[in-house]
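Biologist: Hi! Could you walk me through this one? I'd like to start with the aromatic residues.

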Amino acid sequence: PWVSNDEQAIEKHFKGVCAQVMRVTHTKSRIEWNHYGSGYSSFVDAWFYKNTPDFNAKRPVHYGEEHTGLTVLLSRLSPYFVFMESEKQWDVHGGGYQALPELEMIDRLETPAVIALSQQIQSELEQCGLVRAYKGQLTSLLPTGSRVPTVLTDRGFTQFDALFHWED
């Protein structure tokens, strides 16, 4: 769907992919489809977890529900995705803290349950024609003079910024 540059077609594709991931891995999810409420996000922030003790938050703040899970950034611009481990909290009214992704978070998986889940999810995503990008591939700088419309960096623009950026 990326060839068409049709955002609705891309989102429809990702909704099907995420539903398949949840079905196969028996996970729950919290997925940011709406560009974090304003601006433009070049990626879908899909977060998968299980409501089991091995996905309990490592640093609980006792704010409603809270878990450790696997963040999958799905590029709206290309077939690439990346993995990060993160915690999310929310209460019965929704809400909760939403952190924007950073290059330094890519591939930093520490919780055994999240690592195991990442292997399952990677297999499913690859079967859907997606390709995992690794931090080492994304740290290289873009050519001098390149600009990326993002607020996620204050350094020179990288391959990560080109594929996974957010502008307000």
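**Rings, pocket and loops**

Modeller: Happy to. Arg30 lies over the face of Trp90, at 4.0 Å from the ring centre. Keep in mind that this is a predicted model.

Biologist: Which residue lies over the face of Trp33, then?

Modeller: That one is Lys15, at 5.2 Å from the ring centre.

Biologist: And how many aromatic pairs are there in the whole structure?

Modeller: The search finds 7 aromatic pairs. One of them is formed by Trp47 and Trp90, an edge-to-face pair with 5.9 Å centre to centre and 85° between the planes.

Biologist: Where do Trp47 and Trp90 sit in the chain?

Modeller: The pair links distant parts of the chain. Trp47 belongs to strand 3 (residues 43–49) and Trp90 to strand 5 (residues 80–90), and the two are 43 residues apart.

Biologist: Is Trp47 buried or exposed?

Modeller: Trp47 is buried, because its relative accessible area is 0% and the cut-off for buried is under 20%. Trp90 has 7% relative accessibility, so it counts as buried too.

Biologist: Which residues form an aromatic cluster?

Modeller: Phe43, Phe160 and Phe164 form one.

Biologist: Changing topic: what is the volume of the largest pocket?

Modeller: About 410 Å³. The lining has 18 residues, and those closest to the pocket centre are Arg59, Glu85, Ser86, Glu87 and Met105.

Biologist: Which strand gives the most to that lining?

Modeller: Strand 5, with 6 residues. Strand 4 (65–75) also supplies at least two residues of the lining.

Biologist: How does the lining divide into nonpolar, polar and charged residues?

Modeller: There are 6 nonpolar, 4 polar and 8 charged residues in the lining of the largest pocket.

Biologist: OK, on to the loops. Where is Lys50 found?

Modeller: Lys50 is in the loop between strand 3 and strand 4. At 24% relative accessibility, Lys50 counts as partly exposed.

Biologist: What is Lys50 in contact with?

Modeller: Leaving aside neighbours within four places in sequence, Lys50 contacts Thr25, His26, Thr27, Phe55, His67 and Gln120. For His67, which is 17 residues away from Lys50 along the chain, the C-alpha atoms are separated by 8.2 Å.

Biologist: You mentioned His26. What is its phi?

Modeller: His26 has a positive phi of about 55°, although it is not a glycine. Most residues other than glycine have a negative phi. His26 has its place in the loop between helix 1 and strand 1 (28–32). With a relative accessible area of 65%, His26 is exposed.

Biologist: And what about the phi of Asn5?

Modeller: Asn5 has a positive phi as well, about 60°, and is not a glycine either. Asn5 is found in the segment before helix 1 (7–25).

Biologist: Last one: is Asn5 buried or exposed?

Modeller: Asn5 counts as exposed, because its relative accessibility is 62% and the cut-off for exposed is over 50%.

Biologist: Great, thanks for going through it with me!

Technical notes: Residues numbered from 1 in each chain as written. Predicted model: local features only at pLDDT ≥ 70, side-chain atom pairs only at ≥ 80, totals over all residues. Heavy atoms only, no water. Phe/Tyr/Trp six-rings, centres within 6.5 Å; stacked < 30°, edge-to-face > 60°. Helix = DSSP H or I, 4+ residues; strand = E, 2+ residues; numbered from the N terminus. Buried < 20%, exposed > 50% of the residue type's maximum accessible area, 1.4 Å probe, protein only. Lys NZ or Arg CZ within 6 Å of the ring centre and 35° of its normal. 1 Å grid on protein atoms, 1.4 Å probe; cavity = no way out; pocket = protein on both sides within 12 Å on 5 of 7 lines; lining within 4 Å. Points joined across faces, edges and corners; volume = space filled by probe spheres on them. Nonpolar A, V, L, I, M, F, W, Y, C, P; charged D, E, K, R; others polar. Contact = heavy atoms within 4.5 Å.
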